[in-house]
Amino acid sequence: MEEVLRVENLKKTFKLSRKQQQSEKTKDKYKVAVDGLSFSAYRGEIFGLLGPNGAGKTTTLRIISTLIKADEGDVTVDGESVRKNPDGVRKKIGFLTGELKLEDFFTSDYLYDYFSALHDVPKEFASDRKAKLFSRFGIEKFAHVKVGELSTGMKQKVSLVISIVHNPDFIIFDEPTNGLDVITAKTVTDFLVELKNQGKTIVISTHIFSLVEKICDRVGIVINGKMTLEGNLKQITAEKSLEEVFFDIYSKEAGNDE
Amino acid sequence: MSKIFTVMKKELKRFFTDKRLLASLLLPGIMIFVIYSFMGSFFSNMFGEDKDKKYIISQINAPSFFSEDLKLTGLNYEINEKRDKEKAKEEVKEKTSDLLVVFEEGFEQKLADGLTPSVEIWYNTVNTPSQTVYNAVYGLIYSRSVEIKTKFVLNGGEESYDLATKEETSAMLITMMLPFILMIFLFTGAMAVATESIAGEKERGTIATLLVTPIKRSSLALGKILALSITAILSSFVSFIGVIASLPKLLGGTDNINMGMYGAGTYFGVLGVIIVTVVLFTVVLSIISALAKSVKEASQLALPVMFAVMLVGISSMIGGGGANQRFWAYLIPVYNSSQCLSGLFSLSFDPLFFLITVLSDIAFIALGVYILAKIFNSEKIIYNK
């Protein structure tokens, strides 16, 4: 198996503002979001980071996508380090999260071309790929409508397509089906499997067990910023369901915390 | 009734526990105090008497009471007795003398005979000391006529006793008003586009979408600044044309203002200053926008800067029609633009000062782009929602 992503001993601590201290009901000035997290993802697989809200999944994905920097540890994507060569990593990844929005003022068609240019995609290639992707997701019907006028599902489809304008081999999706209706969610998950079958490596974060069971090859359970279990989904769920496995670990971790 | 108080209490709590809202309540008062104090001291400096200045007053046929009365003004002056009125007027015009007071021949005798003799006070409005001493002496002679209950004919001729040429007066009025007005319009033009740009993208979540692409942060900063600058420059040109067109009416009649006296060189110079100033404003406002959590906060943070620009604009009036002649003054951003505009409009343009202004502004713009690129790399600022 060819390793595409290696996350090594990742640590990230955030300073809490007074407001955040109040909302989290803590007097601690710092919050450890990711605490020595390590895992790998291999070519042609979907790896699922499973964990409750606030477990550190999104922070980990942000570090992998170079949006934020780790305090300790490193991430390599296809041999490029996020610390040493973040520009190189950005060229290799496609990143999609609910917090990444498109400008309402522009059309999907314009934004596709814009992001293709930012990713240095040759014009002819970009044009062919746009036609294929727009057709695959039915975007051509509303390609010339401003993003602000599209439904949430349509916007998510456009965001998905735009995140992979450069045909990356490694794709990161943070909560890929969050807030989507069942039809759009199915379109997205089917597409992820399609990408996997094309040999792409995909890392998703989610708290939905069924999504992991449906599309992931391997899974990592993250609780309190730590990787508590990492392995092949079939092996992990050989005796118990994923939900049972998760809550067994979660109970232990909660007990340890107490 | 209790529900009214419940709603009111919640609204007041929201206002008085939010530091930013509280600051927005206090800031205008503080700024008004600063600006009005500054303006007060400026007008006092401009039109008040200068204790160190020796005013040169020329007189013809002066009666005995005049020299005694002059002492009452407390001015530091020197009196020159003149015979040739036209020559003395020329001196006032050339600013080698500040005032010429011409009493009618046999002034005292005519007063004794119950006649109304004439007094002419010649001054030069573009020479600030002349304007100051004119005000003092005019008041003095008028008071004397009231005191002896015999009216003099004071500047009663049809001619203008202001010896400044129409061109000089026009240049002075333009120099006093235009740099100030332009600075405000240039800033507000840049503010309209730049404050929204990055803070708006942060608010809408579109900035992160850009930051995961392989574009260099410096390219992103420069691309944004160039686009914003083009928009702001266009807005500035429209404002400039509007100001030029409305200036004659603003200054009370088309006779006083003649924009046609400026050559193409002056207009090109003004254009150059406008461009570098607008780009500089855009860079500063983009940095503010990047540091702010929202568009609203960016606008609030930009307010003190706008007041500072207003103060700098007001300072351009201090010269009363001239520009700062010290070279280091042209290294100070914004102030240099204001002084350069003053120099251009007062027809005392110095190419060296213009060059220093443009080069120093370009250096500040480059520094601003570097800072903005750094900000794009700062997760604390970009995720500071």
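**Close-up 1. Residues where helices α4(A) and α6(A) meet.** In this predicted model, A:Ser108, A:Leu111, A:Tyr112 and A:Phe115 of helix α4(A) meet A:Val158, A:Val161 and A:Ile162 of helix α6(A). Sorted by class, the residues in this contact of α4(A) with α6(A) comprise six nonpolar and one polar, with no charged residues.

**Close-up 2. Strand β9(A) and its surroundings.** Strand β9, made up of residues 218-223 of chain A, is mostly covered, since six of its six residues are buried.

**Close-up 3. The pairing of β3(A) with β9(A).** Strand β3, which covers residues 46-50 of chain A, runs parallel to β9(A), and four bridges join the two strands. To find this pairing in the view, the reader may look for A:Gly48, which stands opposite A:Val219 in β9(A).

**Close-up 4. The hairpin of β9(A) and β10(A).** Strand β10, consisting of residues 226-232 of chain A, pairs with β9(A) in the antiparallel sense, and six bridges are found between them. One of the paired positions is A:Ile223, whose bridge partner in β10(A) is A:Lys226. Together β9(A) and β10(A) form a hairpin with two residues between the strands, and in the turn A:Asn224 has a positive phi of about 50°.

**Close-up 5. The side of chain A that touches chain B.** Across the boundary between the two chains, 16 residues of chain A are in contact with eleven residues of chain B. On the side of chain A that touches chain B, helix α3 (86-92) and helix α4 of chain A each supply at least two residues, and α3(A) gives the most, with three residues. Divided by class, the residues on this side of chain A are seven nonpolar, two polar and seven charged.

Technical notes:
Residues are numbered from 1 along each chain as its sequence is written. Chains are lettered from A and ligands numbered from 1 in the order in which they are written. This is a predicted model: local features need pLDDT of at least 70, side-chain atom pairs count only at pLDDT 80 or more; totals for chains, interfaces and linings use all residues. A residue is buried if 20 or more other C-beta atoms lie within 10 Å of its own, exposed if 12 or fewer, and partly exposed in between; C-beta atoms are placed from the backbone. Two strands pair if DSSP finds at least two bridges between them. Two residues are in contact if their C-beta atoms, placed from the backbone, lie within 7 Å. Ala, Val, Leu, Ile, Met, Phe, Trp, Tyr, Cys and Pro count as nonpolar, Asp, Glu, Lys and Arg as charged, and the others, Gly among them, as polar.
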